[in-house]
Amino acid sequence: MRRIKLWQLNVLLALVLISVAVLGLCTGVKWESLTLLWRAPASLDGRIMWTIRIPRILSVVMVGALLSVSGLLMQSLSRNPIADPSILGVNAGAMLALIIGSLLGMSLSIVTTIWLSLVGAAVAFTAVLLIAMTRQGLDVLRFILGGTVFSSFISCLAYAGSLLTNTTMQFRNLLVGGFSAVTYAHVRVLCGGLIIVLATILLMRKQLSLLVLDDTTARSLGAKPGLTRVVAALLVVISAGISVAVAGNIGFVGLGIPQMINYVHPDRLERNVVPTVLLGAIFMMVVDIVAKTLTAPSELPLSALSAICGGIFLLLVIMKGARVTER
Amino acid sequence: MSKKRVTISWLGALGCLGGLCLLLLSMGDIHLSLWTTTQTLLGLSSDRVANLVVWDMRVPYVWAALITGSCLAVSGLILQSLTNNDLVDSSLLGVNAGASLGAVILIGLSGLVKTISVDRWLPAAAVVGACISLLLVMLIGKSGTKMQILLGGVALTALLNGIILMIQLRMDSFDFDKILVWLSGSFWNTEMAFLRPYAGLTVLLLGATWLLHRELAVLVLGDQMARSAGVNLTTVKRLLMLLAVAMAAVAVSVGGAISLVGLMAPNMARRFCGSRIQVLLPVTCLLGCVIMVLATVVANNLFLPSVLPVGLVVAVITMPYFLYQLFKG
């Protein structure tokens, strides 16, 4: 098979993203024409477009991008195809922090939400990394299994907390995930996070690409693997934390998207970042369109949808006998 | 392993179980003294309140805990012997999630078609779900390593829980709490009339497992040894697998998806009394009961007057243990 060139892939994905985004803008409870945006921005339908649909589209795209980038980073961090912030407890940690915070009486404004989920994600990720560390370095199996169990452990605590205080309805959005309540403030936060993450990757692209090598080789090439790993972990925490704060616990985007890109165009991390981001955004858009149209006027739970897609994908990867047991 | 130690672990487990059951019966919203509880149990008390509380409100919880505990523990032991992997249990393999999905689908159907009786068909639906998911996992793990089976189970659980979440939200979008029964486990129906058939079924399945304990012991030695010991491998394996699935399904029907009891009980039993199956099997069963009764005591009393789902308490107890087991090796 003739390999597709990187720029071709990027252009293709960008075109698909634009068309899907336009489709997402038009669909919803009611089909709206795109021309409303400039023809009648003051009418009711026009205002719906400007104040509800556009922020939603923007945040869907950016959450997809953030999640897939964090998956890509995590996979090179652990040198393993089966890694993703939702599997490894980072998302669950952010969720638990949010629930604890609001049970303690903090008002969940956007700023506190972001802080809480960042702290939660950081603590959970550190814990999983500590579980996975051995004297020989990061043990992949411990990372995955330990992370999975730790993740469900934290989710249990979160459930118990919200159940005891009779606040399950309040946390419903957090638990099932979704974009139905996003505003421009969310968009701004997401935008900031995405810029920070992408800029850091751009600055450190050479070092990050060397993460997949073992430490001695990387060192002999002039990289500092310890520092790079810390930076990559921080980036994962930032992207996962912000995504959870905006859209709840959406899993598996980070798992599948980098894998698909790697299948079509196997290459270094620095070259694959752009197509991964684009495909992540496309996937999130499509899932969101399905979630809001399939059973309109009610919305399907986004986390369940992505868990189903991701579960099937993970099964396929395992069946193919991926390099799961490779150290 | 000396005989003395075996006797001690037997007596210890039995004593623990008895004490915990008594505790479960006496503690709660209405506190009874241990002496009153014992009297009531023996039928010597004429106090109507005590009789009502013990017999009608708390004894069903004991039954539910015993049923789920013994079923999960023994099914975990069987699955561990079958896969030759100490880190396996019905919840990790996705069997519990499959059974939950079966139950949830049945409940959803009964909302649409009023003639379906949930109580009657629940075990059947759970067994079908559990069978399908175990087959899927085995299919994945056929060519793969132990870890691939485990990861396959993890993936399958995520997938099935996603489907459960969807169905539950479609059924009744206001009753979000209902999902928690099947996702995290709790005793959702504690009427004796509901529990009695399950208790009978449990005794039956445990008896059948005991009849097969010699074959189970040989299986642990590996396929070749088992064959040379004159065991019909395929039949025995199929039978045992069916038993494990049926027990997991019974446990799920009574208490939803309760995690990792089947992992913890056999491993603890092995530490106490070695791996001779005729000792291990009953001790495992007892320890499973101990874990479940303990979890029920905590769940019912920790945050009075609200009652926690018992599965959450079990998860908090057992998951650190799983991590410890995973990293010991």
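Predicted model: local features only at pLDDT ≥ 70, side-chain atom pairs only at ≥ 80, totals over all residues.
Figure 1. Residues are numbered from 1 along each chain as its sequence is written, while chains are lettered from A and ligands numbered from 1 in the order in which they are written. A residue is buried if 20 or more other C-beta atoms lie within 10 Å of its own, exposed if 12 or fewer, and partly exposed in between, with C-beta atoms placed from the backbone. Leaving aside residues up to four places away in sequence, B:Trp121 touches B:Leu106 and B:Ile116, where contact means that the C-beta atoms of two residues, placed from the backbone, lie within 7 Å. From C-alpha to C-alpha, B:Trp121 and B:Leu205 are 18 Å apart in space and 84 residues apart in sequence.

**Figure 2. The fold of chain B, with 14 helices and zero strands.** The radius of gyration of chain B is 20 Å, close to the 20 Å that the globule rule gives for 329 residues, so chain B is as compact as a globular protein of that length; the radius is taken over C-alpha atoms, and the rule is 2.2 Å times the number of residues to the power 0.38. Along the principal axes, the C-alpha atoms of chain B fill a box of roughly 60 × 55 × 35 Å. Of the 329 residues of chain B, 51% count as buried, and among contacts between residues at least 6 apart in sequence, 75% join residues at least 24 apart.

**Figure 3. The crossing of helix 3 and helix 12 of chain B.** The axes of helix 3 (residues 48-83) and helix 12 (residues 261-273) of chain B come within 7 Å and cross at roughly 75 degrees, the axes being lines fitted to C-alpha atoms over the stretch in contact, with angles from 0 to 180 degrees between N-to-C directions. The two helices of chain B are therefore roughly perpendicular to each other, a term for angles of 65 to 115 degrees. Residues of helix 3 in this contact include B:Gly69, B:Leu72 and B:Gln80, and those of helix 12 include B:Val261 and B:Pro266. The residues of the contact of helix 3 with helix 12 of chain B divide into eight nonpolar, five polar and no charged; Ala, Val, Leu, Ile, Met, Phe, Trp, Tyr, Cys and Pro count as nonpolar, Asp, Glu, Lys and Arg as charged, and the others, Gly among them, as polar.

**Figure 4. The contact between chain B and chain A.** Chain B and chain A each bring 36 residues to the contact. Helix 6 of chain B gives the most to the side of chain B that touches chain A, with 16 residues, and by class that side has 26 nonpolar, nine polar and one charged residues.

Figure 5. With 13 C-beta neighbours inside 10 Å, A:Gly192 counts as partly exposed. A:Gly192 and A:Ile242 are 50 residues apart in sequence and 9.9 Å apart in space, C-alpha to C-alpha.

Technical notes. Helix = DSSP H or I, 4+ residues; strand = E, 2+ residues; numbered from the N terminus. Parallel < 35°, antiparallel > 145°, perpendicular 65-115°, else oblique.
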